[in-house]
Amino acid sequence: MIGAPGRRLVLLGATGSIGTQALDVLVRHPEVARLHGLAVGGTRPDLVADQVLAHRPERVVVSAAGHAAAVEAAVHRACAAAGIPAPRIDVGADAVVELAGCLGPGDVVLNAITGSVGLLPTLAVLASGARLALANKESLVVGGHLVTDAAAPGQILPVDSEHTAIAQALAGVRHDQIDHLVVTASGGPFRGRSRAELAAVTPEQALAHPTWSMGRVITTNSATLVNKALEVIEACFQFDLPEDRVQVVVHPQSIVHSMVTLVDGSTIAQASPPDMRHAIGWALAHPEKLPGLAAPLDFTTAQSWTFEPVDEDTFDAIPLARAAHREGGGAMAVYNAVNEEAVDAFFAGDLDFLGITALIRRVLESPRRPRALAADGVEGLLAVEGWARTAARDLISSTEG
Ligand code: NAD
Ligand code: MG
């Protein structure tokens, strides 16, 4: 029996890449949970209306007030036409946090919001006792020990193909039997290029990911390798290991999703075709396995899987993140916040591709960085974030002018 009868799901970020794939998993495996509520930014009102008709959630939350009227109108129109009662609709960031925390033990919340704005919802889920299926890696990167300390053992199930793979490889393995983790990376669309060749890269080129179809921020992060850098930190917190025990290897086929090397010299890998529904379904249904969740590998045709080291001289995102993790405190919140600002500036044409990690480095190295603030719990971390965003924007506008 998969999922207890009456098990509820709250889906944060329902209209995104992960959110829509999660609903696809739910359509094919309704036994996993019943959709209780969904939260969205609000830019796709018609999609929200379709989701409401298909899944009949009791609640909808729109985080951006500016989009609320359009979502409300689309949902009410669709429900009236279908002759069903409209769900309750709330608006604003506080309402997202409230929805995140409204379930309890036995239920599950999938946090598939993009960005550090996912931190407060993550903490609300953990306080509620519900399972947290966590796609929003930023909340773990930014919150760090604040998040892991708030979590009961096993309460967070990662929805990131690498971390889902590691969690599966670790089944039956004790923590003291782990030598190190090996996180695989596709290498992104610019694998093999030199720094000179990267200087003129455009947002359109950065959005052409070779193996995965994902949201704009994570796709850009895959091109800069910032995504892999965030995943190294995510792995440190998720699996309680220092950064020097989390290796990264480039594996362009994206079939081996990550590996664990044990103290006896054995390496355990998890492999499947690249399809995020695998990671989503794993986290929602664990410890059950959903039959036919995603297509399996086909070994009747020839294939090669290759592995190569990361070119860290060209792509400096990972060493920068390792240094931020070693420093601890608010350094990782700064790293992530500056990256979020830099990605926006890159798309606005205000920053070139190599400028993204250069900006992260400059802000991390700033003597004015408020290092002590991060000790003041979540408020302190959010203050560090705010400082980093302002510092990043100031640097972007000063180099522009
Ligand atoms: P996306 O941009 O496609 O979707 C983001 C979703 O969040 C949208 O529904 C948007 O409306 C909603 N949203 C934005 N701000 C919100 C807010 N303040 N409150 C509530 N909802 C809000 O992003 P994505 O690619 O689905 O990625 C989501 C998260 O999952 C990211 O943290 C990403 O790193 C992680 N992730 C994604 C993939 C992938 O394959 N897409 C893989 C691994 C991890
Ligand atoms: Mg990943």
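Predicted model: local features only at pLDDT ≥ 70, side-chain atom pairs only at ≥ 80, totals over all residues.
**Entry on Thr 300**

I looked up where Thr 300 sits, and found it in the loop that runs between α13 (276-285) and α14 (317-327). Is Thr 300 buried or exposed? I counted 5 C-beta neighbours inside 10 Å, and because a residue with 12 or fewer is classed as exposed, Thr 300 counts as exposed.

**Entry on Ala 323 and helix α14**

Next I turned to Ala 323, which has its place in helix α14. With 15 C-beta neighbours inside 10 Å, Ala 323 counts as partly exposed, since that class lies between the limits of 12 or fewer for exposed and 20 or more for buried. From Ala 323 to Glu 243 I noted a separation of 80 residues in sequence, with 8.9 Å between their C-alpha atoms.

I also asked how α14 lies against helix α16 (residues 353-364), and found that their axes come within 10 Å and cross at roughly 25 degrees. Angles under 35 degrees count as roughly parallel, and α14 and α16 are therefore roughly parallel to each other. The crossing in which α14 passes α16 is left-handed. On the α14 side the contact is made by Ala 317, Leu 320 and Ala 324, and on the α16 side by Thr 357, Ile 360, Arg 361 and Leu 364. By class, I recorded five nonpolar residues, one polar and one charged in this contact.

**Entry on helices α4 and α5**

My last entry concerns helix α4 (residues 93-100) and helix α5 (residues 119-128), whose axes come within 7 Å and cross at roughly 25 degrees. These two helices, α4 and α5, are therefore also roughly parallel to each other, and α4 passes α5 in a right-handed crossing. Which residues of α4 meet which residues of α5? I found Val 96, Val 97 and Ala 100 in α4 meeting Leu 120, Pro 121, Ala 124 and Val 125 in α5. I classed the residues of this contact as seven nonpolar, with no polar and no charged ones.

Key:
Residues numbered from 1 in each chain as written. Chains lettered and ligands numbered in written order. Helix = DSSP H or I, 4+ residues; strand = E, 2+ residues; numbered from the N terminus. Axes fitted to C-alpha atoms, helices over the stretch in contact; angles between N-to-C directions. Parallel < 35°, antiparallel > 145°, perpendicular 65-115°, else oblique. Left-handed = near helix turned anticlockwise from the far one by under 90°. Contact = placed C-beta atoms within 7 Å. Nonpolar A, V, L, I, M, F, W, Y, C, P; charged D, E, K, R; others polar.
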